[in-house]
Amino acid sequence: VSLEEIPAKKLRLTKPSKSAALHLDLCKASCATDALQLLLSFSRKPVETESESDNSVRLKIASLLGLLSKTQGFSPDCIVEDAVNTLSTEKSHQVLAQLLDTLLIIGSQLPDKFSIIQRLIAVACKHLSNTYFGVRNKCLQLLGCLGTVDQPLGKETDAGPSSPRDVQGVISDYFQDQDPRVRTAAIKAMLQLHERGMKIQQTIYNQACKLLSDDYEQVRSAAVQMVWVLSQLYPER
């Protein structure tokens with residue numbers, strides 16, 4: 001047989017599956033607490049950033065932690081530190097957004113833990129500069145659901161000691177965000193403050209009126225709600 005007639009063999013490089021190892025590890029857990037510790041340990045291990053499957057696993061872990069936080073009898077404050085620390089090293093925007101959503105769930109379960117709430121608010125302010133709209137949206141949602149209008153934000157929020165800010169000031173900055181989804185999220189976060197019984201500042205009215213002519217319908221719709229709320233709060237002005 002001539003060399004030309006020999007069929008060429010194609011080689012393909014494959015990576016071993018990491019999901020099998022994770023499954024075996026979880027099977028070794030004797031109780032739910034052990035399984036949680038294994039998941040937290042896995043989430044802190046370095047992974048290959050180019051692998052989509054790794055992002056998917058971490059995304060699912062973050063989601064499961066949020067569900068676990070709502071489970072009766074579980075103390076969500078025990079995972080706050082791990083979740084916050086993971087935020088500082090996470091590279092995937094989608095996983096960051098899910099971690100922030102989990103922190104929002106945790107904070108909602110701990111309304112009386114003032115120090116934890118303040119920590120979560122500081123984390124949200126820090127990540128508001130993220131380039132991914134989904135992360136900014138979750139940060140704004142967290143501020144609307146957990147923030148208070150009478151508590152100035154300190155140095156941890158990058159506001160600086162010489163220019164103290166409050167939650168309303170930070171949220172209103174994103175009324176002018178380049179992404180319409182973030183502009184909408186900012187208005188809804190402000191409305192959330194109102195629904196929680198906090199009085200919105202009158203100065204927000206002019207900003208809301210400008211958004212009535214926004215190019216995007218979702219922004220205009222939310223702005224109409226904001227203008228209506230302010231008109232009810234300040235009917236004589």
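This is a predicted model: local features need pLDDT of at least 70, side-chain atom pairs count only at pLDDT 80 or more; totals for chains, interfaces and linings use all residues.
**Stop 1: Arg-181**

Select Arg-181. Is it buried, exposed or partly exposed? Its relative accessibility is 39%, so Arg-181 counts as partly exposed. Asp-179 is buried, at a relative accessible area of 12%.

Stay on Arg-181 and show Phe-133. Which part of Phe-133 does Arg-181 lie over? Arg-181 sits over the face of Phe-133, 3.5 Å from the ring centre.

**Stop 2: Lys-138 and Asp-101**

Next, select Lys-138 and Asp-101. Their side chains meet in a salt bridge, 2.9 Å from N to O. Look at where each one comes from. Lys-138 is in helix H7 (residues 133-146), and Asp-101 is in helix H5. They are 37 residues apart, and the pair links distant parts of the chain. Lys-138 is partly exposed, at 23%. Asp-101, at 19%, counts as buried. The cut-off explains this: buried means under 20%, so 19% falls on the buried side.

**Stop 3: Lys-113 and Asp-77**

Now move to Lys-113 and Asp-77. How far apart are their closest N and O atoms? The distance is 3.2 Å, and the pair forms a salt bridge. Lys-113 lies in the loop between helix H5 (93-109) and helix H6 (114-126). Asp-77 lies in the loop between helix H3 (52-69) and helix H4 (80-89). The pair therefore ties together parts that are 36 residues apart in sequence. Lys-113 is partly exposed, with a relative accessible area of 36%. Asp-77 is partly exposed as well, at 31%.

Step back for the totals. The model has seven salt bridges, and the count of aromatic pairs is one.

**Stop 4: confidence**

Finally, color the model by pLDDT. The protein averages 82, and 76% of the residues score at least 70. Where is confidence highest, and where is it lowest? It is highest in helix H9 (residues 180-195), at a mean of 97. It is lowest in helix H1 (residues 19-27), at 49.

Select residues 19-24. Their pLDDT stays under 50, and the model has two contacts for them beyond four places in sequence. Then select residues 155-163. Here too pLDDT stays under 50, with eight such contacts.

Conventions: Residues are numbered from 1 along each chain as its sequence is written. Side-chain values use heavy atoms; hydrogens and water are left out. A salt bridge is a side-chain nitrogen of Lys or Arg within 4 Å of a carboxyl oxygen of Asp or Glu. Helices (H or I, at least four residues) and strands (E, at least two) are DSSP runs, numbered from the N terminus. Buried means under 20% relative accessible area, exposed over 50%, partly exposed in between (1.4 Å probe, protein chains only). Rings of Phe, Tyr and Trp (its six-membered ring) pair if their centres lie within 6.5 Å; planes under 30 degrees apart count as stacked, over 60 as edge-to-face and the rest as tilted. A charge sits over a ring if NZ of Lys or CZ of Arg is within 6 Å of the ring centre and within 35 degrees of the ring normal. pLDDT is the predictor's confidence in each residue, from 0 to 100. Contact means heavy atoms within 4.5 Å.
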